[in-house]
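I opened a new notebook page for this structure. My entries below follow the order in which I looked things up.

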Amino acid sequence: MPFPITNPVQTAQQTPKHYGITSPISLVLPKELDLVLTQKLTEALKPFGVFEEELELQRRILVLGKLNTLVKEWIHEISESKNIPASLIENVGGKIFTFGSYRLGVHTKGADIDALCVAPRHVERSDFFTSFYDKLKEQEEVKDLRAVEEAFVPVIKLSFDGIEIDILFARLALQTIPENLDLRDDGLLKNLDIRCIRSLNGCRVTDEILHLVPNIENFRLTLRAIKLWAKRHNIYSNILGFLGGVSWAMLVARTCQLYPNAVASTLVHKFFLVFSKWEWPNPVLLKQPEDCNLNLPVWDPRVTPSDRYHLMPIITPAYPQQNSTYNVSVSTRNIMVEEFKQGLAITDEILQNKADWSKLFEAPNFFQKYKHYIVLLASAPTEKQHLEWVGLVESKIRILVGNLEKNEFITLAHVNPQSFPGPKEGIDKEEFSTMWVIGIDFKKMEASEHLNVDLTFDIQSFTDTVYRQAITSKMFEPDMKITVMHVKRKQLHQLLPDLVIVKRRKHSTEGLRGMNDSSVDLSLDSDNSMSMPSPTSTSSSAAVKSAHSASTHGSAGTTVSSDSQSKTEPSGGTAPVGAQGTTDNSASTPSSLGPPAGKRPGSTLQSEKEKKLKVEEESTSEEKATVQKEEQAPVETEAAVEGELKMETEMTELGADEKPPAQKMASADLSDVPLLPANPIPVLKNSIKLRLSR
């Protein structure tokens with residue numbers, strides 16, 4: 001669909017009408033400095049790969065052309081097989097439409113293409129997933145072909161000549177599909193199946209956005225900048241409760257409507273100005289909603305009570321109007337608003353020539369931002385099961401964030417949209433795992449106040465939800481597991497050695513040597529870890545390769561932390577496991593999320609004692625104090641760190657079949673963190689309990 005390409009500088013006469021539901025805030029024309037800043041913005045974006053080379057763009061057009069031809073051929077064949085009159089077959093049509101970032105013209109290098117196959121009324125959805133699927137399979141350029149027919153929006157995924165494409169299907173109530181079909185026509189929705197309406201929605205919304213902005217080129221450059229900024233600042237993810245591509249596009253489009261003559265450098269600044277001061281939950285609308293009397297559910301808080309609870313509504317401009325941000329939570333909204341304010345401060349500096357655009361795209365270190373983190377690990381025994389399991393777990397993480405932020409002692413739960421490969425359970429057992437990290441801000445306390453924070457219910461309700469859906473959808477397999485643990489900031493580098501910058505401590509860190517990617521151990525800080533496994537088969541734990549490791553006693557015993565366990569039993573808690581060198585198996589409670597597992601034999605202390613002695617010989621007195629203090633973490637005791645929160649954890653062993661993940665660790669003098677035991681530390685009985693004090 002052709003759109004006018006205009007120069008960045010537009011006159012008021014070229015903008016005869018106002019866009020959106022209000023008059024513009026300003027019609028001021030850009031100055032020479034604005035044009036210079038826009039050029040600098042373009043240059044700043046180039047190193048991030050947000051612009052595609054002309055050759056690559058032509059290849060995409062070629063691939064879409066081939067796909068469009070295949071669709072026409074397929075519909076022609078289907079029409080013949082269904083005895084459609086020859087006079088109609090010649091003009092039956094069929095067409096591939098695009099939507100999303102490609103249609104908006106803001107796709108990046110290597111991005112996939114969202115496409116929609118539109119067919120006439122005699123072509124069934126079942127034909128699309130059978131005969132068209134088979135036709136695609138015959139094409140030598142097509143790889144990784146898979147159909148997801150049972151999805152909320154059914155889709156065929158494939159790689160066509162190296163370009164990833166997702167194809168949706170919509171069957172219109174038309175005899176033929178004309179080449180100039182405008183999908184924005186609301187009349188096309190009459191008598192349509194709900195799946196077809198959902199499939200059409202992406203194209204209809206994208207086309208409306210492009211028709212509702214005064215200058216498409218300015219809109220595109222601004223959107224490229226805002227999308228890059230959002231990704232760099234870890235707030236780009238609809239599924240995790242932030243904003244997805246279409247929501248960011250609508251916010252930028254609204255900014256363009258309010259400043260119709262502004263160029264990209266000004267629009268980026270105005271974007272932060274408008275939305276740092278926006279009075280949520282007032283909705284963002286690009287046009288007045290229209291009712292087409294098709295009885296489809298639309299976003300309307302006057303009619304639908306649940307719509308009144310949406311925190312950051314951004315309403316799609318095409319009928320049926322929907323809120324594209326229903327996943328947003330209190331935490332994610334607060335995080336985004338704070339980022340808008342910081343973006344405004346930075347762009348203020350840029351416009352005053354006090355900073356460069358590169359400052360706006362600097363990625364903050366998420367792993368230094370919070371003192372406490374919840375680490376979530378999803379693992380499965382095969383790659384196929386892992387892909388399905390990770391997709392399900394990720395789609396439910398916002399439930400965990402919602403649970404955490406409702407806890408009276410938590411002020412913020414910030415999930416990093418980027419996931420990371422997780423460590424395996426053992427070197428001899430093939431396992432695929434993915435890890436997410438959630439930053440936690442605890443409530444500020446009065447000087448004398450002590451708080452006991454129990455996250456057990458918050459986490460178990462999340463894991464229950466995931467397992468219940470996995471079982472209901474019949475995708476559950478016995479070795480699919482969820483592991484949740486609490487980790488302090490200074491210990492994160494054991495899980496993410498290449499990503500976490502460890503700040504230099506007061507004591508010497510000269511002995512700290514590098515750890516390779518696979519050399520991490522999930523048992524770190526597992527005083528606050530919690531395994532939520534499905535039924536698992538017994539497997540041998542990986543030995544920890546450490547300069548200070550020692551052999552353990554017992555065939556399947558778990559090593560718990562040293563002397564402090566036999567000496568310390570904090571008030572208000574249960575006796576720590578292995579306090580007398582034995583394990584009370586009666587205290588072992590199987591996970592509520594899977595069938596009961598066997599009990600784990602008694603734990604031993606000797607290896608940790610030997611390890612600690614060696615550490616003491618090599619450490620200075622200051623290092624010694626730090627190591628001793630932190631080695632108390634796996635038991636129920638206060639790990640006092642100056643200026644940080646103290647923690648107290650109640651521990652109970654799980655069964656032998658429910659071992660927490662462990663993996664080899666490279667030889668290193670970890671003077672900044674507790675030395676890890678040779679075998680996994682026992683994890684909690686489905687709970688994370690913290691005692692917080694100043």
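**Salt bridges**

With that, I found Glu56, Arg59 and Asp161 linked in a network of salt bridges.

I noted the ground rules next. The model is predicted, so local features need pLDDT of at least 70, side-chain atom pairs count only at pLDDT 80 or more, and totals for chains, interfaces and linings use all residues. Residues are numbered from 1 along each chain as its sequence is written, and side-chain values use heavy atoms, with hydrogens and water left out.

A search of the whole structure gave me 21 salt bridges. I looked at the one between Arg59 and Asp161, at 3.8 Å from N to O. Arg59 sits in helix H2 (residues 54-81), and Asp161 in the loop between strand E4 (155-160) and strand E5 (163-171). The two are 102 residues apart, so I logged a link between distant parts of the chain. Helices (H or I, at least four residues) and strands (E, at least two) are DSSP runs, numbered from the N terminus.

Arg59 is partly exposed at 28%. Asp161 is also partly exposed, at 33%.

I then checked Asp127 and Lys82, whose side chains meet in a salt bridge at 2.8 Å, N to O. Asp127 is in helix H5 (residues 125-137), while Lys82 is in the loop between H2 and helix H3 (86-89). They are 45 residues apart. Asp127 counts as buried because its relative accessibility is 13%. Lys82, at 32%, is partly exposed.

**Strand E6**

I moved on to strand E6 (residues 372-380). Nine of its nine residues are buried. His372, Ile374, Leu376, Ala378 and Ala380 point one way, and Tyr373, Val375, Leu377 and Ser379 point the other way. I recalled the rule: in a regular strand the side chains alternate between the two faces of the sheet.

Which strands pair with E6? Two strands pair if DSSP finds at least two bridges between them. Strand E9 (residues 432-442) runs antiparallel to E6, with nine bridges. There His372 stands opposite Ile440. Strand E11 (residues 481-488) is also antiparallel to E6, over eight bridges. In E11, Thr483 is the bridge partner of Leu377.

Thr108 lies in the loop between helix H4 (100-104) and strand E2 (113-119). Thr108 is partly exposed, at 24%. Contact means heavy atoms within 4.5 Å. Not counting residues up to four places away in sequence, Thr108 touches Gly49, Val50, Glu52 and Arg60.

Ile113 is in strand E2. I logged Ile113 as buried, because its relative accessible area is 0%. With the same exclusion of residues up to four places away, Ile113 has contacts that include Arg60, Leu64, Tyr102 and Asp166.

**Helix H8 and the cores**

How many residues of helix H8 (residues 245-258) are buried? I found 12 of the 14, so H8 is largely enclosed by the rest of the structure. Trp248, Ala249, Val252 and Cys256 are among them. The cover includes H4, helix H6 (194-211), helix H7 (216-232), helix H9 (264-276) and helix H10 (330-351).

A nonpolar core is a set of buried Ala, Val, Leu, Ile, Met, Phe, Trp, Tyr and Cys residues joined through side-chain atoms within 4.5 Å. The largest has 108 residues, and those with the most contacts inside it are Phe219, Trp229, Trp248 and Trp389. H7 gives the largest share of this core, nine residues. A second, separate core of 30 residues includes Leu64, Ile75, Ile96 and Cys117.

Definitions and conventions
Buried < 20%, exposed > 50% of the residue type's maximum accessible area, 1.4 Å probe, protein only. Salt bridge = Lys/Arg side-chain N within 4 Å of Asp/Glu carboxyl O.
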